[in-house]
Amino acid sequence: MFALEISKLEKEYKNGVKALHGIDLKVKSGDFYALLGHNGAGKSTAIGIICSLVNKTAGKVKVFGIDLDENPTALKQNIGLVPQEFNFNAFEYVLDILVNQAGYYGIERKEALKRAENWLKKLDLWDKRYQQSRQLSGGMKRRLMIARALMHNPKLLILDEPTAGVDIELRRTMWTFLRELNEQGTTIILTTHYLEEAEMLCRHIGIIQQGRLVVNTTMKSLLSKL
Ligand code: ADP
Ligand code: ADP
């Protein structure tokens with residue numbers, strides 16, 4: 001079973017920028033996959049397309065066998081997205097952010113509160129639950145973004161540069177959390193421009209350069225060639 005199947009994916013933005021030139025990629029269910037590439041390589045575009053935030057120009061995307069063109073709503077149920085930029089309502093309370101997110105997926109309040117408690121405790125944010133998001137530090141906001149993405153128990157978690165601007169101590173805490181989540185069965189795809197981060201976490205790695213996937217291999221095999 002594949003968590004993600006992409007074929008011949010192309011994106012040309014309206015201003016004429018060609019961000020993706022025919023990407024083919026398969027990620028197996030249960031995998032931990034890193035998409036590595038410099039700024040501007042096309043990582044965010046690819047993620048945006050998978051999560052229906054950006055329209056593709058051509059190609060196919062399937063998530064757990066569900067075709068993006070046929071059933072984007074069902075596809076989105078399977079994905080949790082942690083975007084690069086914070087996008088919280090500054091005045092919303094931490095607990096409300098999570099419960100409201102669950103509400104978008106039709107999860108009832110009692111169940112949502114149970115899930116929120118679980119993730120807030122695991123991400124060391126439980127004592128912040130009655131704070132507004134604007135009162136949180138950058139590192140706390142990063143962790144809250146992860147908690148929010150997990151509220152509907154997605155089978156695939158996608159993180160766009162999850163540790164950008166995060167200090168090394170918190171980075172390690174996040175790595176441990178993500179590793180455990182993957183061991184419990186969640187497929188994880190992250191983008192990064194640190195090879196070290198990919199090396200610490202991921203079994204498979206793709207390197208994207210100017211909209212093309214130039215490497216797609218196991219981490220072991222890549223490291224043996226360096
Ligand atoms: P789509 O083709 O998916 O509809 P658009 O071409 O309409 O996307 O662009 C979406 C938005 O991104 C627009 O508001 C546009 O101004 C903005 N944008 C344009 N160029 C860039 C860029 N280089 N990086 C990030 N955002 C950009
Ligand atoms: P990465 O995530 O690897 O940094 P992006 O997918 O953000 O790369 O960008 C790929 C290319 O597409 C870049 O040339 C970028 O400027 C361009 N781009 C990204 N978003 C838009 C947009 N909304 N409109 C036009 N061009 C964009």
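Six strands make an open sheet with mixed pairing, in the order β6-β7-β8-β3-β9-β10. At the edges stand β6 and β10 (212-218), each with a single partner strand, so one side of each has no neighbour in the sheet. On average, neighbouring strands here are turned by 15° against each other, direction ignored.

Some ground rules before we go on. This is a predicted model, where local features need pLDDT of at least 70, side-chain atom pairs count only at pLDDT 80 or more, and totals for chains, interfaces and linings use all residues. Residues are numbered from 1 along each chain as its sequence is written, chains are lettered from A and ligands numbered from 1 in the order in which they are written, and side-chain values use heavy atoms, with hydrogens and water left out.

As for the names, helices (H or I, at least four residues) and strands (E, at least two) are DSSP runs, numbered from the N terminus. Two strands pair if DSSP finds at least two bridges between them. Strands of a sheet pair through backbone hydrogen bonds, either parallel or antiparallel.

Now the pairs themselves. Strands β7 (residues 156-160) and β8 (residues 187-192) are parallel, over five bridges, and L157 has I188 in β8 as its bridge partner. β3 and β9 also run parallel, joined by four bridges; there, L36 sits opposite I207 in β9. β9 and β10, though, pair in the antiparallel sense over six bridges, with N216 in β10 as the bridge partner of G206. The hairpin of β9 and β10 has two residues between the strands, and Q210 takes a positive phi near 45° in it.

Contact means heavy atoms within 4.5 Å, while axes are lines fitted to C-alpha atoms (for helices, over the stretch in contact) and angles run from 0 to 180 degrees between N-to-C directions. α5 lies across β6 and β7, at about 165° to β6.

How covered is α1? Mostly: seven of its eight residues are buried, where buried means under 20% relative accessible area, exposed over 50%, and partly exposed in between (1.4 Å probe, protein chains only). Among the buried ones are A46 and I50. Just after α1, S52 has a positive phi of about 60°.

A46 and I50 turn up again in the one cavity of 30 Å³ or more. On a 1 Å grid over the protein atoms alone, a cavity is a set of points where a 1.4 Å probe fits but cannot get out, and a pocket is an open set with protein on both sides within 12 Å along at least five of seven lines; lining residues have an atom within 4 Å of a point. Grid points are joined across faces, edges and corners, and a volume is the space filled by probe spheres set on the points. The largest cavity holds about 100 Å³. β1 (2-12), β2 (18-28) and α1 (43-50) each supply at least two residues of its lining.

The largest pocket has a volume of about 480 Å³.
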